[in-house]
Amino acid sequence: MSAATDHAFMARALALARRGLYSTDPNPRVGCVLARGEVTLGEGWHERAGSPHAEIHALQQAGAAARGATAYITLEPCCYHGRTPPCSAALIAAGVARVVVAMEDPNPLVAGQGLQALRTAGIEVSTGVLGAQAEQLNPGFVKRMRTGLPWVRVKLAQSLDGRTAMASGESQWITGPSARADVQRLRARSSAILTGIDTVLADDPALTVRLDDLPVPRQPLRVILDSRLRMPPTARLLDLPGATRILTGSHDGARAVALQRERVAVMVLPLAGERLDLAAALRHLGELGMNEIQVEAGATLNGALLAAGLVDELVLYLAPHLMGDGARGLFHLPGLARMEQRVGLTIRDVRAVGSDWRITAVPRTSQ
């Protein structure tokens, strides 16, 4: 099979995998194409956790024609029995002759064992076709499996002069409707939306996904960092659809009980000084199976995460207006006195979103 054909079918498998962008969490987004020569025999993608994997959908569509075919899969097929049977065994039973995989599964339960099972069964295996693109599709899953930590995306909206709110705190709306809809799509792909208690007290946000043109199979977990447990029992996010988890350093049981709801949990975590240990908070979220965390917070929490080296990606919406030097900024980063102390960023993408611009960047230490 030519390299061009392998690339073409893997590109199709990646396009299929993207259909699960909003629904597979905490599982990875995976696509599969079964082909013989230039002819497609079956296609599939993982639709949601607990449902059949991409390979099973493609095998069912191909039927008996799968024997002797090539399977193009964006992630190494699993080799253990979880909520669904192992896909490596299904491919072997179907009699496929060749399997092309974009990337090995970083899950320690798989980690090359699925590929080895295929090779042991006499199936030809190729890896690394469009591997970088496959990894970009699942940044949170890959990072969590490798490090135990979720992928942290900080969402920001600012005026052209770098301001996020007026001095009074007024911030609605900095960006236009297209940018705000784009933020909702980022929320929808996230495992959790994280903010600090100061934002809750100031804005009483909902932190839910609200998109008319996008089916919402689930609401991301709402995570509030609240070191002294100042959360008011009347906060509206406590009673909205979806679950809320309050991370605190306070052992005040009475206040915790006052916040209890059916889908509200209060978890006590270690403090670092007077504030929550941010690394411990992210480890906790990783243990819960959170892949991608979207941070929507104020300058203090944004700055603390950035200074601690815990930010993987920044998505900045830039609005074409000026708010003045008395308005609030993006990050609280005390102690930066010299140019050499600047926080370096690498811009990965710039594009127009309605009347605004969206800039995607990564801290240079994260590359």
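Strand β7 and strand β13 (residues 292-295) are joined in the parallel sense by three bridges. Strands here are DSSP runs of E with at least two residues, numbered from the N terminus, and two strands pair if DSSP finds at least two bridges between them. The model is predicted, so local features need pLDDT of at least 70 and side-chain atom pairs count only at pLDDT 80 or more, while totals for chains, interfaces and linings use all residues. Residues are numbered from 1 along each chain as its sequence is written, and side-chain values use heavy atoms, with hydrogens and water left out.

Strand β13 also pairs with strand β6 (residues 151-159), in the parallel sense, over four bridges. Strand β7 is joined to strand β8 (residues 221-225) by five bridges, and these two strands run parallel.

The following residues face one another across these pairings.

| Residue | Opposite residue |
|---|---|
| Ile-193 (β7) | Arg-222 (β8) |

Buried means under 20% relative accessible area, with a 1.4 Å probe and protein chains only. In a regular strand the side chains alternate between the two faces of the sheet. In β7, Ala-192, Leu-194 and Gly-196 are buried on one side, and Ile-193 and Thr-195 are buried on the other. Strand β13 is likewise covered on both faces, with Glu-292 and Gln-294 buried on one side and Ile-293 and Val-295 buried on the other.

Technical notes: Buried < 20%, exposed > 50% of the residue type's maximum accessible area, 1.4 Å probe, protein only.
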